[in-house]
Amino acid sequence: MNERPVVRLTREGQVAVVTIDNPPVNPITADVRAGLRDALTALHSMAGINALLLRCDGNTFCSGADIGEFNGPPKEAEYRKLFGDIERLAFPVVCALHGTVLGGGLEIALACHYRVAAPGTRCGFPEVTLGIIPGAGGTQRLPRLIGVEQTLELILGARPVDVSQAAELGFVDAVLDGDLEAAALAYTEGLLSANKGPRPTNARDVDRDTASDEIMDRLQKLARERYPNRQAPVTAIEAVSASARLPFDQGLLLEDKLVNLAKQTAESRGAIHVFFAERECRRVPGLPDDAQAIEIRNAGIIGAGTMGGGIAICFANAGIPVTVLDIDEEALERGLGVVDGTLESRVKRGRMSAEAKAQRMSLITGTTNYADLADVDIVIEAATENMNLKKQIFGKLEEITEPGTLLATNTSTLDIDELASAIARRQDVIGMHFFSPANVMPLLEVIRTKSTSATAIRTAMALAKPLRKTPVLAGVCYGFIGNRMMEGYAREAELMTLEGATPHQVDSALEAWGMAMGILAVFDMAGVDVGVHVHRDNAHLYPPDPTYYQADFALFEAGRLGQKNGKGYYRYEPGDRRRHDDAESIKILRGTAARLGVQQRDHTEQKIVERCLYPLMNEGFRILEEGIAIRASDIDVVWTSGYGFPRYRGGPMFYAETIGLKTLLDGMLRYREAFGPTHWEPAKLLVELAEKDRSLAEWEAAGGLAT
Ligand code: NAD
């Protein structure tokens, strides 16, 4: 075997060049660390070397530590020793940065004596979003270069900054145009000509003025406000501020202790779980190997409305030409006008160049003629939600497209098995459920019917990548994974407003717990009428309950449609999305409750959260026992990427295990006692696992459904 080494040591005159070549993103894996150690040893026997240049091949300098090691034994001591050995070299050590330099990648750069970078390089510490802190010297070295305040701004910001900002802050010495390797070599030789010696970061002092009480108070406040319920940002403050007090080596030991404590918090376990779940969800077990994804070179979309337009933008962003069909020129023009406006607003906000917008628009073509869709590789139907209409559309699509062309529907509520049964090419029919706004929301539920072919499943799952979506595979059922679980969650939130809680009380409890937005505020945003229509159309699917959805119905009947007409659960000022409590809506809710004889109750924050989340999680167990989702972590991805469930709580199924399945089961039984069995029957799988004290992971490892 003649494998390419992941680390190479070469020389250019007096300069030793260490190159990391670990595609695709040069993570600092065990191989890379071993290669670097070998290179450092080999250096000692090379005569006439007076400087070292550390660089990477490929698209980026080291993008970070090895994520595969996240859940393994601690590696900080090994990193500390290796980076310390680099820093202790007795001649200048320069590193050349390009691409996206994150976490451990930035930490190795900080252990070098000089840092140069290509224009466009981005550097950052995203650790707090994973519930941890930089653990390979970052909290002690960066403040020695740019001070405590700016280090914490970077860590709490969690987003990479452009190299121009890094240079301004002072942790990149030069931004070099042209060929980076040649320019970095010239820079290194320039240091030697100028007789510059080593410049170890650890030998510098931290500017204590950057850690004044006032600054630290401000940062503490920022951490609490930006990261409610989370510990990692506060831990980062503790580690970084220690750099101003402690000698370097002691600071490193404190960092080590703190990062290892951070790794054990529920917050980091939850966030890291979601991080891995988002990779795992793309893998579909059980499909034959010979069923490969087909390449999607062009696409068609039926319906130029809210969803069709957003999906068209996704394709254009991916560089895939797309033809959008609507019933007539007027509908088409209106739809494409909205698409143009959406992109234009990105240009206005400086998020997209005018050229990029023009290029995107050139990939989107409108038509009213089905013949224009004859040669596409996939059609996504996003027309008005109506079974008969969709059956007719699929009939036409079957006529004009070649067998094997994917026929996808974006339906939210219709039975896709029934839709597929209307045509002969059932194997080509699949659900691709985008979320609104489709060009922004990362989640894509891919729905397989009884007859969807393995090729169609693989194609839809693979297409998520260029469309920049996180795909989760689901089976056919009402609401698929996300909306089906939403039903109980929203039902309880609404019901509590009839029981005497104010909309604000309900939403603020959910938000304090961590949901991105309270569900009643979400209804106002989406339109109270939208939910009412869906519930009217599907009333036969719900158990008999005279209070069911009555808050929404009452507000709708009173003409309160949400943000669009300035009043729903809340009141809104014109042109302002901020919500205000509204005596009129509360009066309507109270009146409805009196009419229906709804018992008035007290609602603590904890009760509100329990009543919303317990049915949500319980439904997740049903979805698993029915095989609608293929794994529990997929459900977590649906809720964290599509419904604002906090990543640091790991998603609903992870959270169920955090509180304990027994606690969830006891809660369900307690509420069944109080409210009756209509909505509070615990899922069989929950009962089984809680009673046997088994985890979801154990159930899945034993074959899940098969057991
Ligand atoms: P919309 O009303 O904004 O757009 C529907 C479009 O379909 C309109 O432009 C209409 O002219 C067009 N249309 C109607 N009949 C047609 C026909 N026979 N042939 C071609 N075009 C036709 O609706 P929307 O919100 O974009 O929803 C579209 C689909 O996406 C629905 O199935 C809906 O359930 C689903 N969906 C909507 C959302 C959402 O939040 N809006 C989210 C996920 C899925």
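A salt bridge is a side-chain nitrogen of Lys or Arg within 4 Å of a carboxyl oxygen of Asp or Glu. With that in hand, look at Glu487, Arg491, Glu492, Glu499, Arg601 and Arg611, which are linked in a network of salt bridges. Searching the whole structure gives 48 salt bridges.

Some notes on the source. This is a predicted model, in which local features need pLDDT of at least 70, side-chain atom pairs count only at pLDDT 80 or more, and totals for chains, interfaces and linings use all residues. Residues are numbered from 1 along each chain as its sequence is written, and side-chain values use heavy atoms, with hydrogens and water left out.

Buried means under 20% relative accessible area, exposed means over 50%, and partly exposed is in between, with a 1.4 Å probe and protein chains only. I will also name helices and strands; these are DSSP runs, helices being H or I with at least four residues and strands being E with at least two, numbered from the N terminus.

Take Asp21 and Arg4. Their side chains meet in a salt bridge, at 3.2 Å from N to O. Asp21 sits in the loop between β2 (15-20) and α1 (30-44) and Arg4 in the segment before β1 (7-12), so this pair ties together parts that are 17 residues apart in sequence. Asp21 is buried, at 8% relative accessible area, while Arg4 counts as exposed at 60%.

Next, Arg8 and Asp57. In this salt bridge the closest N and O atoms are 2.9 Å apart. Arg8 is in strand β1 and Asp57 in the loop between β3 (51-56) and α2 (76-87), 49 residues apart, and the pair links these distant parts of the chain. Arg8 is partly exposed, with 30% relative accessible area, and Asp57 is partly exposed too, with 21%.

Then Glu557 and Arg536, whose side chains form a salt bridge at 2.9 Å, N to O. Glu557 belongs to helix α21 (residues 550-557) and Arg536 to helix α20 (residues 528-537), so the pair ties together parts that are 21 residues apart in sequence. Glu557 is exposed at 56%; Arg536 is partly exposed at 42%.

Now the ligand. Which residues come nearest to the ligand? Of the 23 residues around the ligand, they are Met307, Asp326, Glu385, Lys390 and Ser412. Being near a molecule or strand means having a heavy atom within 4 Å of it. A polar side-chain atom of Asn410 is 2.9 Å from a ligand oxygen atom, and one of Ser412 is 3.3 Å from a ligand nitrogen atom. As for the elements, α11 (306-317), α14 (387-400) and β15 (429-434) each supply at least two residues of the shell. The most comes from α14, with three residues.

Last, His113, in the loop between α3 (104-111) and β6 (114-117). Is His113 buried or exposed? His113 is buried, with a relative accessible area of 0%. A polar atom of the His113 side chain lies 2.8 Å from the backbone oxygen of Glu87. Leaving out residues up to four places away in sequence, His113 touches several others, including Ile86, Phe91, Pro198 and Arg199; contact here means heavy atoms within 4.5 Å.

Notes: Polar contact = N/O pair within 3.5 Å; in protein donor to acceptor, adjacent residues only side chain to side chain.
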